[in-house]
Amino acid sequence: GTIEENHREAIERATTDRSFGNWIDGESVAASTDETFETTDPAVTIPITAVPRSGPADVDRAVAAARDAMDGEWGETTAAERSRLLREWVDRLRDHVDELALLESLDVGKPLAHAKGEIEKALEFVEYYASVGRGQEGVQVPVSNDSHVYTRREPYGVVGAIVPWNFPLVLASWKLGPALAAGNAVVLKPAEDSPLTATRVAQLSAGILPDGVLNVVHGYGEEAGAPLAGHEGVDKLSFTGEDVTGEEVMRTAADAITPVTLELGGKSPFLVFPDADLETAVETVAGGIFYNTGQSCDAPSRVLVHEDVHDEFVDRFVEAAESHVIGDPLAEETTMGPLTSRAQYEKVTGYVDAGIDEGATLVSGGDRPGGDLADGWYVEPTVFDGVDNDMQVAREEIFGPVETINTFGTYEEAIEIANDTPYGLAAGIATETTDLAHRAAADLEAGSVWVNTYGSTVTGGPFGGYKRSGIGRECGKDALEYYTRTKTVNLEL
Ligand code: NAD
(Lines give C-alpha, C1' and ligand atoms only; values in the text may rest on other atoms or scores of the structure.)
Protein backbone atom coordinates (compact mmCIF):
# COMPACT_ATOMS: atom_id res chain seq x y z
CA GLY A 1 0.00 0.00 0.00
CA THR A 2 0.95 3.68 0.05
CA ILE A 3 2.70 5.17 3.08
CA GLU A 4 -0.60 6.65 4.13
CA GLU A 5 -2.43 3.31 3.97
CA ASN A 6 0.36 1.58 5.90
CA HIS A 7 0.29 4.21 8.61
CA ARG A 8 -3.49 4.24 8.94
CA GLU A 9 -3.33 0.49 9.45
CA ALA A 10 -0.46 0.76 11.96
CA ILE A 11 -2.21 3.54 13.92
CA GLU A 12 -5.32 1.39 14.10
CA ARG A 13 -3.26 -1.56 15.34
CA ALA A 14 -1.40 0.53 17.92
CA THR A 15 -4.41 2.31 19.40
CA THR A 16 -7.41 -0.03 19.13
CA ASP A 17 -8.74 -1.05 22.55
CA ARG A 18 -6.27 1.23 24.27
CA SER A 19 -6.88 4.44 26.11
CA PHE A 20 -4.27 7.14 26.50
CA GLY A 21 -5.62 9.07 29.45
CA ASN A 22 -3.73 10.58 32.33
CA TRP A 23 -2.53 7.92 34.77
CA ILE A 24 -3.20 9.07 38.31
CA ASP A 25 -3.33 6.99 41.47
CA GLY A 26 -3.30 3.76 39.48
CA GLU A 27 -6.10 4.56 37.07
CA SER A 28 -6.66 6.07 33.67
CA VAL A 29 -8.51 9.38 33.93
CA ALA A 30 -9.56 12.22 31.66
CA ALA A 31 -8.52 15.82 32.27
CA SER A 32 -10.78 17.53 34.79
CA THR A 33 -12.01 19.82 32.02
CA ASP A 34 -12.61 16.83 29.71
CA GLU A 35 -10.57 18.59 27.03
CA THR A 36 -8.14 16.70 24.79
CA PHE A 37 -5.62 17.37 22.04
CA GLU A 38 -4.34 15.14 19.26
CA THR A 39 -0.88 13.75 18.76
CA THR A 40 0.17 13.44 15.12
CA ASP A 41 2.13 10.92 13.07
CA PRO A 42 4.77 13.16 11.42
CA ALA A 43 5.44 10.81 8.47
CA VAL A 44 1.93 11.27 7.10
CA THR A 45 0.62 14.16 9.26
CA ILE A 46 -2.40 12.14 10.39
CA PRO A 47 -3.69 12.33 13.99
CA ILE A 48 -2.89 9.19 16.03
CA THR A 49 -5.10 9.61 19.06
CA ALA A 50 -6.32 12.19 21.56
CA VAL A 51 -4.83 12.67 25.02
CA PRO A 52 -6.01 14.80 27.96
CA ARG A 53 -5.29 18.50 27.84
CA SER A 54 -4.56 18.82 31.54
CA GLY A 55 -4.34 21.91 33.69
CA PRO A 56 -3.46 22.85 37.27
CA ALA A 57 -6.34 20.83 38.78
CA ASP A 58 -4.99 17.62 37.20
CA VAL A 59 -1.48 18.39 38.38
CA ASP A 60 -2.85 18.94 41.91
CA ARG A 61 -4.55 15.58 41.77
CA ALA A 62 -1.42 13.77 40.59
CA VAL A 63 0.81 15.47 43.18
CA ALA A 64 -1.69 14.54 45.91
CA ALA A 65 -1.67 10.90 44.72
CA ALA A 66 2.13 10.86 44.78
CA ARG A 67 2.14 12.34 48.30
CA ASP A 68 -0.33 9.68 49.47
CA ALA A 69 1.93 6.99 48.03
CA MET A 70 4.88 8.41 49.97
CA ASP A 71 2.79 8.47 53.14
CA GLY A 72 1.64 4.90 52.48
CA GLU A 73 3.38 1.59 51.83
CA TRP A 74 5.82 2.97 49.22
CA GLY A 75 7.34 5.26 51.83
CA GLU A 76 8.04 2.19 53.97
CA THR A 77 9.69 0.05 51.28
CA THR A 78 13.31 -0.94 51.57
CA ALA A 79 15.72 -0.40 48.70
CA ALA A 80 15.74 -4.16 48.15
CA GLU A 81 11.95 -4.27 47.85
CA ARG A 82 11.94 -1.39 45.38
CA SER A 83 14.65 -3.11 43.40
CA ARG A 84 12.50 -6.22 43.12
CA LEU A 85 9.41 -4.21 42.06
CA LEU A 86 11.35 -2.28 39.43
CA ARG A 87 12.71 -5.52 38.00
CA GLU A 88 9.26 -7.01 37.89
CA TRP A 89 8.01 -3.93 36.05
CA VAL A 90 10.91 -4.12 33.56
CA ASP A 91 10.18 -7.81 32.98
CA ARG A 92 6.60 -6.99 32.13
CA LEU A 93 7.65 -4.12 29.85
CA ARG A 94 10.05 -6.45 28.00
CA ASP A 95 7.01 -8.39 26.80
CA HIS A 96 5.72 -5.15 25.27
CA VAL A 97 8.84 -3.90 23.50
CA ASP A 98 7.38 -4.25 19.99
CA GLU A 99 4.19 -2.50 20.97
CA LEU A 100 6.09 0.35 22.66
CA ALA A 101 8.47 0.65 19.69
CA LEU A 102 5.56 1.01 17.27
CA LEU A 103 3.97 3.72 19.43
CA GLU A 104 7.28 5.61 19.70
CA SER A 105 7.92 5.30 15.97
CA LEU A 106 4.45 6.58 15.03
CA ASP A 107 4.52 9.38 17.60
CA VAL A 108 8.00 10.73 16.81
CA GLY A 109 8.72 9.51 13.27
CA LYS A 110 11.72 7.36 14.22
CA PRO A 111 12.64 4.35 12.12
CA LEU A 112 10.98 1.40 13.84
CA ALA A 113 14.29 -0.43 14.40
CA HIS A 114 15.75 2.65 16.11
CA ALA A 115 12.65 2.99 18.27
CA LYS A 116 12.99 -0.63 19.31
CA GLY A 117 16.64 -0.17 20.26
CA GLU A 118 15.73 2.89 22.30
CA ILE A 119 12.92 1.14 24.18
CA GLU A 120 15.35 -1.64 25.07
CA LYS A 121 17.85 0.97 26.20
CA ALA A 122 15.22 2.68 28.37
CA LEU A 123 14.49 -0.63 30.10
CA GLU A 124 18.20 -1.20 30.60
CA PHE A 125 18.39 2.14 32.44
CA VAL A 126 15.56 1.25 34.82
CA GLU A 127 17.14 -2.15 35.39
CA TYR A 128 20.48 -0.50 36.14
CA TYR A 129 18.89 1.64 38.86
CA ALA A 130 17.13 -1.40 40.26
CA SER A 131 20.68 -2.62 40.99
CA VAL A 132 22.64 0.48 41.97
CA GLY A 133 19.71 2.02 43.85
CA ARG A 134 20.47 -0.53 46.55
CA GLY A 135 23.77 1.11 47.35
CA GLN A 136 22.43 4.31 48.93
CA GLU A 137 24.81 4.43 51.85
CA GLY A 138 25.46 7.31 54.21
CA VAL A 139 28.73 7.99 55.99
CA GLN A 140 29.81 7.68 59.58
CA VAL A 141 31.61 10.81 60.82
CA PRO A 142 34.34 10.24 63.41
CA VAL A 143 34.08 12.69 66.36
CA SER A 144 34.78 11.08 69.75
CA ASN A 145 33.90 7.89 71.62
CA ASP A 146 30.92 9.66 73.16
CA SER A 147 29.49 11.03 69.95
CA HIS A 148 28.01 9.26 67.00
CA VAL A 149 27.44 11.31 63.85
CA TYR A 150 26.20 9.70 60.67
CA THR A 151 24.34 10.60 57.49
CA ARG A 152 21.28 9.09 55.86
CA ARG A 153 20.36 9.51 52.21
CA GLU A 154 16.63 10.00 52.06
CA PRO A 155 14.33 10.38 49.07
CA TYR A 156 12.97 13.87 48.46
CA GLY A 157 9.37 12.67 48.31
CA VAL A 158 7.43 13.85 45.27
CA VAL A 159 9.47 14.30 42.09
CA GLY A 160 8.14 16.33 39.15
CA ALA A 161 9.61 15.13 35.84
CA ILE A 162 9.18 17.02 32.56
CA VAL A 163 10.54 15.50 29.35
CA PRO A 164 10.86 16.44 25.66
CA TRP A 165 9.76 14.51 22.57
CA ASN A 166 13.02 13.53 20.91
CA PHE A 167 13.73 10.38 22.94
CA PRO A 168 10.51 10.13 24.93
CA LEU A 169 10.97 6.88 26.79
CA VAL A 170 14.75 6.93 27.12
CA LEU A 171 14.69 10.40 28.68
CA ALA A 172 11.79 9.45 30.94
CA SER A 173 13.71 6.35 32.08
CA TRP A 174 16.69 8.52 33.04
CA LYS A 175 14.42 10.19 35.58
CA LEU A 176 12.09 7.34 36.58
CA GLY A 177 14.89 4.83 37.19
CA PRO A 178 16.87 6.79 39.80
CA ALA A 179 13.86 8.64 41.27
CA LEU A 180 11.90 5.44 41.95
CA ALA A 181 14.90 3.34 42.99
CA ALA A 182 15.75 6.03 45.55
CA GLY A 183 12.22 5.78 46.96
CA ASN A 184 10.45 8.83 45.53
CA ALA A 185 7.02 8.99 43.90
CA VAL A 186 6.87 10.68 40.50
CA VAL A 187 4.56 12.90 38.48
CA LEU A 188 5.71 12.72 34.84
CA LYS A 189 4.68 15.30 32.24
CA PRO A 190 5.51 13.91 28.78
CA ALA A 191 5.95 16.27 25.83
CA GLU A 192 2.75 17.12 23.98
CA ASP A 193 4.25 15.75 20.74
CA SER A 194 5.04 12.33 22.20
CA PRO A 195 2.59 11.30 24.92
CA LEU A 196 2.03 7.64 24.01
CA THR A 197 4.79 5.42 25.39
CA ALA A 198 4.87 7.08 28.82
CA THR A 199 1.17 6.34 29.16
CA ARG A 200 1.63 2.68 28.33
CA VAL A 201 4.57 2.11 30.67
CA ALA A 202 2.58 3.70 33.49
CA GLN A 203 -0.46 1.52 32.73
CA LEU A 204 1.85 -1.50 32.69
CA SER A 205 3.06 -0.67 36.19
CA ALA A 206 -0.42 -1.40 37.58
CA GLY A 207 -0.37 -4.10 40.23
CA ILE A 208 3.42 -3.87 40.55
CA LEU A 209 4.14 -0.32 41.69
CA PRO A 210 1.66 0.79 44.38
CA ASP A 211 -0.97 3.28 43.19
CA GLY A 212 0.27 6.85 43.08
CA VAL A 213 3.97 5.94 42.83
CA LEU A 214 4.06 6.76 39.12
CA ASN A 215 1.62 9.30 37.70
CA VAL A 216 1.46 10.68 34.17
CA VAL A 217 -0.19 14.00 33.36
CA HIS A 218 -0.48 15.05 29.71
CA GLY A 219 -0.75 18.56 28.41
CA TYR A 220 0.95 21.62 27.01
CA GLY A 221 3.99 23.14 28.67
CA GLU A 222 2.35 26.31 29.90
CA GLU A 223 -0.84 24.55 31.00
CA ALA A 224 0.43 21.38 32.65
CA GLY A 225 4.24 21.75 32.81
CA ALA A 226 4.36 25.14 34.50
CA PRO A 227 1.90 24.20 37.30
CA LEU A 228 4.02 21.11 37.99
CA ALA A 229 7.26 23.14 38.01
CA GLY A 230 5.85 25.63 40.48
CA HIS A 231 3.88 23.22 42.66
CA GLU A 232 4.35 23.58 46.42
CA GLY A 233 3.88 19.84 46.78
CA VAL A 234 6.78 18.95 44.47
CA ASP A 235 10.01 18.37 46.41
CA LYS A 236 12.37 17.96 43.47
CA LEU A 237 12.05 18.87 39.83
CA SER A 238 13.84 17.28 36.92
CA PHE A 239 13.48 18.88 33.50
CA THR A 240 14.82 18.02 30.06
CA GLY A 241 14.20 20.40 27.18
CA GLU A 242 15.32 23.62 25.56
CA ASP A 243 17.53 26.05 27.45
CA VAL A 244 15.02 28.90 27.25
CA THR A 245 12.33 26.63 28.70
CA GLY A 246 14.83 25.54 31.35
CA GLU A 247 15.30 29.16 32.39
CA GLU A 248 11.54 29.53 32.72
CA VAL A 249 11.22 26.28 34.68
CA MET A 250 14.01 27.28 37.05
CA ARG A 251 12.34 30.66 37.67
CA THR A 252 9.01 28.98 38.32
CA ALA A 253 10.60 26.45 40.68
CA ALA A 254 12.35 29.28 42.53
CA ASP A 255 9.07 30.40 44.09
CA ALA A 256 8.90 27.23 46.16
CA ILE A 257 12.73 26.87 46.34
CA THR A 258 12.38 23.50 44.63
CA PRO A 259 15.75 22.02 43.63
CA VAL A 260 16.07 21.45 39.89
CA THR A 261 18.02 19.20 37.58
CA LEU A 262 18.14 20.68 34.10
CA GLU A 263 19.20 18.78 30.98
CA LEU A 264 19.18 21.37 28.23
CA GLY A 265 20.24 21.87 24.66
CA GLY A 266 23.62 21.86 22.99
CA LYS A 267 25.72 22.91 20.03
CA SER A 268 28.38 20.30 20.38
CA PRO A 269 31.70 20.52 18.53
CA PHE A 270 33.50 17.59 16.95
CA LEU A 271 37.24 18.06 16.31
CA VAL A 272 38.87 16.17 13.46
CA PHE A 273 42.64 16.26 13.88
CA PRO A 274 44.95 15.64 10.92
CA ASP A 275 45.99 12.17 12.12
CA ALA A 276 42.37 10.97 12.48
CA ASP A 277 41.15 7.81 10.80
CA LEU A 278 38.89 9.74 8.43
CA GLU A 279 36.62 6.85 7.60
CA THR A 280 35.78 6.34 11.28
CA ALA A 281 35.50 10.09 11.86
CA VAL A 282 33.02 10.52 9.01
CA GLU A 283 30.96 7.55 10.12
CA THR A 284 30.96 8.77 13.72
CA VAL A 285 29.93 12.34 12.94
CA ALA A 286 27.32 11.30 10.37
CA GLY A 287 25.86 8.82 12.87
CA GLY A 288 25.76 11.51 15.55
CA ILE A 289 24.16 14.29 13.53
CA PHE A 290 21.72 12.35 11.36
CA TYR A 291 20.43 9.79 13.89
CA ASN A 292 16.89 10.71 14.95
CA THR A 293 16.85 13.25 12.09
CA GLY A 294 19.26 15.43 14.01
CA GLN A 295 16.92 15.81 16.96
CA SER A 296 19.46 14.86 19.61
CA CYS A 297 20.50 17.22 22.38
CA ASP A 298 24.10 16.08 22.04
CA ALA A 299 24.25 16.00 18.23
CA PRO A 300 27.78 16.89 17.00
CA SER A 301 26.44 19.84 15.02
CA ARG A 302 29.69 21.79 14.60
CA VAL A 303 32.49 19.89 12.91
CA LEU A 304 35.89 21.53 13.15
CA VAL A 305 38.29 19.91 10.68
CA HIS A 306 42.02 20.47 10.41
CA GLU A 307 42.76 22.32 7.16
CA ASP A 308 45.03 19.53 5.83
CA VAL A 309 42.23 16.95 5.84
CA HIS A 310 39.30 19.30 5.22
CA ASP A 311 38.68 18.53 1.53
CA GLU A 312 38.83 14.80 1.93
CA PHE A 313 36.61 14.93 5.03
CA VAL A 314 33.96 17.02 3.26
CA ASP A 315 33.90 14.76 0.19
CA ARG A 316 33.44 11.68 2.30
CA PHE A 317 30.96 13.33 4.63
CA VAL A 318 28.72 14.44 1.77
CA GLU A 319 28.79 10.87 0.48
CA ALA A 320 27.72 9.61 3.93
CA ALA A 321 24.92 12.20 4.10
CA GLU A 322 23.65 11.24 0.68
CA SER A 323 23.71 7.53 1.43
CA HIS A 324 20.88 7.94 3.95
CA VAL A 325 17.62 6.28 3.06
CA ILE A 326 14.97 8.85 3.92
CA GLY A 327 11.54 7.34 4.06
CA ASP A 328 8.73 5.61 5.83
CA PRO A 329 9.77 5.00 9.46
CA LEU A 330 7.93 1.68 9.34
CA ALA A 331 9.94 0.43 6.33
CA GLU A 332 12.94 -1.72 7.18
CA GLU A 333 15.39 0.02 4.84
CA THR A 334 14.71 3.52 6.20
CA THR A 335 17.60 5.10 8.08
CA MET A 336 16.09 8.56 8.52
CA GLY A 337 12.49 9.56 9.19
CA PRO A 338 10.77 12.95 9.22
CA LEU A 339 11.14 15.70 11.79
CA THR A 340 8.70 15.27 14.65
CA SER A 341 6.39 18.24 14.19
CA ARG A 342 5.44 21.06 11.88
CA ALA A 343 7.05 23.53 14.30
CA GLN A 344 10.29 21.55 14.09
CA TYR A 345 10.07 21.44 10.29
CA GLU A 346 9.62 25.21 10.10
CA LYS A 347 12.45 25.83 12.53
CA VAL A 348 14.92 23.59 10.69
CA THR A 349 14.11 24.88 7.18
CA GLY A 350 14.34 28.42 8.57
CA TYR A 351 17.92 27.68 9.67
CA VAL A 352 18.77 26.21 6.26
CA ASP A 353 17.64 29.51 4.68
CA ALA A 354 19.57 31.48 7.30
CA GLY A 355 22.76 29.52 6.54
CA ILE A 356 22.46 30.30 2.84
CA ASP A 357 21.77 33.98 3.57
CA GLU A 358 24.78 34.21 5.90
CA GLY A 359 27.05 32.93 3.15
CA ALA A 360 27.71 29.37 4.29
CA THR A 361 28.26 26.97 1.38
CA LEU A 362 25.48 24.43 0.99
CA VAL A 363 27.29 21.28 -0.17
CA SER A 364 24.48 18.78 0.25
CA GLY A 365 20.74 18.56 0.87
CA GLY A 366 18.66 21.50 2.00
CA ASP A 367 15.48 20.40 0.26
CA ARG A 368 12.32 18.64 1.20
CA PRO A 369 11.99 15.23 -0.48
CA GLY A 370 9.03 14.93 -2.84
CA GLY A 371 6.97 12.03 -4.12
CA ASP A 372 5.52 9.79 -1.47
CA LEU A 373 7.17 11.81 1.29
CA ALA A 374 5.75 15.19 0.32
CA ASP A 375 3.04 15.02 2.99
CA GLY A 376 5.41 14.33 5.89
CA TRP A 377 7.72 16.75 7.70
CA TYR A 378 10.83 15.51 5.93
CA VAL A 379 14.09 17.38 5.35
CA GLU A 380 17.13 15.99 3.52
CA PRO A 381 20.41 15.50 5.39
CA THR A 382 22.01 18.90 4.93
CA VAL A 383 25.66 19.92 5.02
CA PHE A 384 27.09 23.45 5.16
CA ASP A 385 30.79 24.03 4.58
CA GLY A 386 32.71 27.27 5.14
CA VAL A 387 30.81 28.05 8.30
CA ASP A 388 32.17 30.79 10.57
CA ASN A 389 31.56 30.25 14.24
CA ASP A 390 29.72 33.57 14.53
CA MET A 391 27.04 32.59 12.01
CA GLN A 392 23.60 31.87 13.39
CA VAL A 393 23.79 28.27 12.11
CA ALA A 394 26.91 27.75 14.21
CA ARG A 395 25.63 29.43 17.37
CA GLU A 396 22.04 28.24 17.75
CA GLU A 397 20.70 24.76 18.27
CA ILE A 398 19.03 23.74 14.98
CA PHE A 399 17.81 20.34 16.22
CA GLY A 400 17.65 18.93 12.72
CA PRO A 401 19.80 16.98 10.23
CA VAL A 402 22.05 19.95 9.48
CA GLU A 403 25.83 19.74 9.82
CA THR A 404 28.07 22.81 9.83
CA ILE A 405 31.74 22.47 8.91
CA ASN A 406 34.53 24.86 9.83
CA THR A 407 38.33 24.53 9.63
CA PHE A 408 41.20 25.12 12.04
CA GLY A 409 44.97 25.37 11.76
CA THR A 410 46.38 24.92 15.27
CA TYR A 411 45.29 22.97 18.34
CA GLU A 412 44.73 26.23 20.27
CA GLU A 413 42.49 27.55 17.52
CA ALA A 414 40.45 24.33 17.53
CA ILE A 415 39.85 24.49 21.27
CA GLU A 416 39.03 28.19 21.14
CA ILE A 417 36.37 27.72 18.45
CA ALA A 418 35.00 24.60 20.14
CA ASN A 419 34.53 26.40 23.46
CA ASP A 420 33.18 29.58 21.89
CA THR A 421 29.54 28.64 22.47
CA PRO A 422 27.01 29.28 25.22
CA TYR A 423 26.45 25.52 25.44
CA GLY A 424 28.54 22.71 26.90
CA LEU A 425 26.70 19.43 26.67
CA ALA A 426 29.11 17.30 24.69
CA ALA A 427 32.13 17.29 22.39
CA GLY A 428 33.87 14.79 20.14
CA ILE A 429 37.44 14.20 19.03
CA ALA A 430 38.88 12.12 16.22
CA THR A 431 42.61 11.42 16.56
CA GLU A 432 44.96 8.46 16.69
CA THR A 433 47.21 10.20 19.24
CA THR A 434 46.40 9.29 22.82
CA ASP A 435 48.10 12.33 24.39
CA LEU A 436 46.18 14.68 22.16
CA ALA A 437 42.90 12.95 22.98
CA HIS A 438 43.42 13.31 26.73
CA ARG A 439 44.62 16.88 26.43
CA ALA A 440 41.64 17.92 24.30
CA ALA A 441 39.25 16.03 26.59
CA ALA A 442 40.55 18.17 29.46
CA ASP A 443 40.46 21.45 27.52
CA LEU A 444 36.94 21.11 26.10
CA GLU A 445 34.14 22.73 28.11
CA ALA A 446 31.57 19.95 27.93
CA GLY A 447 29.89 17.47 30.25
CA SER A 448 30.71 14.52 27.98
CA VAL A 449 33.62 14.02 25.61
CA TRP A 450 33.75 11.17 23.14
CA VAL A 451 36.96 10.08 21.44
CA ASN A 452 36.75 8.19 18.12
CA THR A 453 33.11 7.46 18.88
CA TYR A 454 30.11 9.60 19.64
CA GLY A 455 26.87 9.91 21.50
CA SER A 456 26.16 6.57 23.08
CA THR A 457 25.26 7.14 26.71
CA VAL A 458 25.98 4.09 28.83
CA THR A 459 23.99 3.33 31.97
CA GLY A 460 26.96 3.89 34.30
CA GLY A 461 28.29 7.08 32.66
CA PRO A 462 26.96 10.37 34.07
CA PHE A 463 25.47 12.71 31.47
CA GLY A 464 24.76 16.43 31.68
CA GLY A 465 25.82 19.87 30.66
CA TYR A 466 28.33 22.61 31.35
CA LYS A 467 27.30 26.24 30.85
CA ARG A 468 23.81 26.74 29.33
CA SER A 469 23.41 23.01 28.77
CA GLY A 470 22.21 22.39 32.28
CA ILE A 471 22.58 21.70 35.95
CA GLY A 472 23.16 18.31 37.51
CA ARG A 473 23.77 14.89 36.01
CA GLU A 474 21.62 12.04 34.83
CA CYS A 475 22.69 8.43 34.33
CA GLY A 476 25.33 6.67 36.38
CA LYS A 477 25.32 6.56 40.14
CA ASP A 478 25.57 10.36 40.15
CA ALA A 479 21.88 10.60 39.23
CA LEU A 480 20.86 8.98 42.51
CA GLU A 481 22.42 11.88 44.38
CA TYR A 482 20.00 14.22 42.68
CA TYR A 483 16.98 12.26 43.89
CA THR A 484 18.08 11.96 47.50
CA ARG A 485 18.94 14.48 50.19
CA THR A 486 21.33 14.12 53.08
CA LYS A 487 20.31 14.09 56.71
CA THR A 488 23.02 14.32 59.36
CA VAL A 489 22.17 12.62 62.65
CA ASN A 490 24.15 13.73 65.74
CA LEU A 491 23.98 11.44 68.74
CA GLU A 492 25.55 11.89 72.17
CA LEU A 493 26.05 8.55 73.89
P1 NAD B 1 10.82 22.17 25.23
O2 NAD B 1 11.67 22.91 26.18
O3 NAD B 1 9.99 22.92 24.29
O4 NAD B 1 9.82 21.21 26.00
C5 NAD B 1 10.25 20.24 26.92
C6 NAD B 1 9.14 19.91 27.88
O7 NAD B 1 8.87 21.05 28.67
C8 NAD B 1 7.82 19.54 27.22
O9 NAD B 1 7.21 18.51 27.98
C10 NAD B 1 7.01 20.81 27.35
O11 NAD B 1 5.64 20.60 27.37
C12 NAD B 1 7.49 21.35 28.66
N13 NAD B 1 7.35 22.80 28.84
C14 NAD B 1 7.30 23.77 27.90
N15 NAD B 1 7.15 24.98 28.48
C16 NAD B 1 7.11 24.78 29.82
C17 NAD B 1 6.99 25.64 30.93
N18 NAD B 1 6.86 26.95 30.80
N19 NAD B 1 7.02 25.10 32.18
C20 NAD B 1 7.15 23.77 32.33
N21 NAD B 1 7.26 22.90 31.31
C22 NAD B 1 7.24 23.40 30.05
O23 NAD B 1 11.81 21.20 24.49
P24 NAD B 1 11.48 20.22 23.28
O25 NAD B 1 11.34 21.05 22.05
O26 NAD B 1 10.39 19.30 23.66
O27 NAD B 1 12.82 19.37 23.22
C28 NAD B 1 13.94 19.76 22.54
C29 NAD B 1 14.99 20.35 23.46
O30 NAD B 1 15.34 19.45 24.50
C31 NAD B 1 16.28 20.67 22.76
O32 NAD B 1 16.76 21.93 23.15
C33 NAD B 1 17.21 19.59 23.22
O34 NAD B 1 18.56 19.88 23.13
C35 NAD B 1 16.76 19.37 24.61
N36 NAD B 1 17.18 18.06 25.08
C37 NAD B 1 18.15 17.97 26.05
C38 NAD B 1 18.59 16.73 26.50
C39 NAD B 1 19.65 16.60 27.53
O40 NAD B 1 19.76 15.54 28.13
N41 NAD B 1 20.46 17.61 27.78
C42 NAD B 1 18.03 15.58 25.96
C43 NAD B 1 17.06 15.71 24.98
C44 NAD B 1 16.64 16.96 24.56
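**Exercise 1.** Does D34 count as buried or exposed, and how many C-beta neighbours lie inside 10 Å?

*Solution.* The model is predicted, so that local features need pLDDT of at least 70 and side-chain atom pairs count only at pLDDT 80 or more, while totals for chains, interfaces and linings use all residues. Residues are numbered from 1 along each chain as its sequence is written. A residue is buried if 20 or more other C-beta atoms, placed from the backbone, lie within 10 Å of its own, exposed if 12 or fewer, and partly exposed in between. Because D34 has 8 C-beta neighbours inside 10 Å, D34 counts as exposed. D34 sits in the loop between β2 (27–29) and β3 (36–41), where strands (E, at least two residues) and helices (H or I, at least four) are DSSP runs numbered from the N terminus. The phi of D34 is near 70°, a positive value in a residue other than glycine.

**Exercise 2.** Apply the burial criterion to C475, and state its phi and its place in the chain.

*Solution.* With 23 other C-beta atoms within 10 Å, C475 is buried. Its place is in the loop between β19 (470–471) and α17 (478–481), and C475 has a positive phi of about 65° although it is not a glycine.

**Exercise 3.** Identify the buried residues of helix α15 (residues 411–419), and determine how they are arranged around its axis.

*Solution.* The buried residues of α15 are A414, I415 and A418. Seen down the axis of α15, these residues fall within an arc of 95°, so they line one face of the helix; the arc is that of the directions from the helix axis to the C-beta atoms. Among the elements that cover them are β12 (269–272), β16 (402–408) and α16 (434–443).

**Exercise 4.** Describe the shell around the ligand by its residues, its contributing elements and its composition.

*Solution.* The ligand is surrounded by 31 residues, of which the closest are P164, G221, G225, G241 and C297; a residue is near a molecule if its C-beta atom, placed from the backbone, lies within 6 Å of it. The elements giving two or more residues to this shell are α9 (221–229) and α10 (243–254), and α9 gives the most, with five residues. By class, the shell divides into 14 nonpolar, 10 polar and seven charged residues, where Ala, Val, Leu, Ile, Met, Phe, Trp, Tyr, Cys and Pro count as nonpolar, Asp, Glu, Lys and Arg as charged, and the others, Gly among them, as polar.

Notes:
Two residues are in contact if their C-beta atoms, placed from the backbone, lie within 7 Å.
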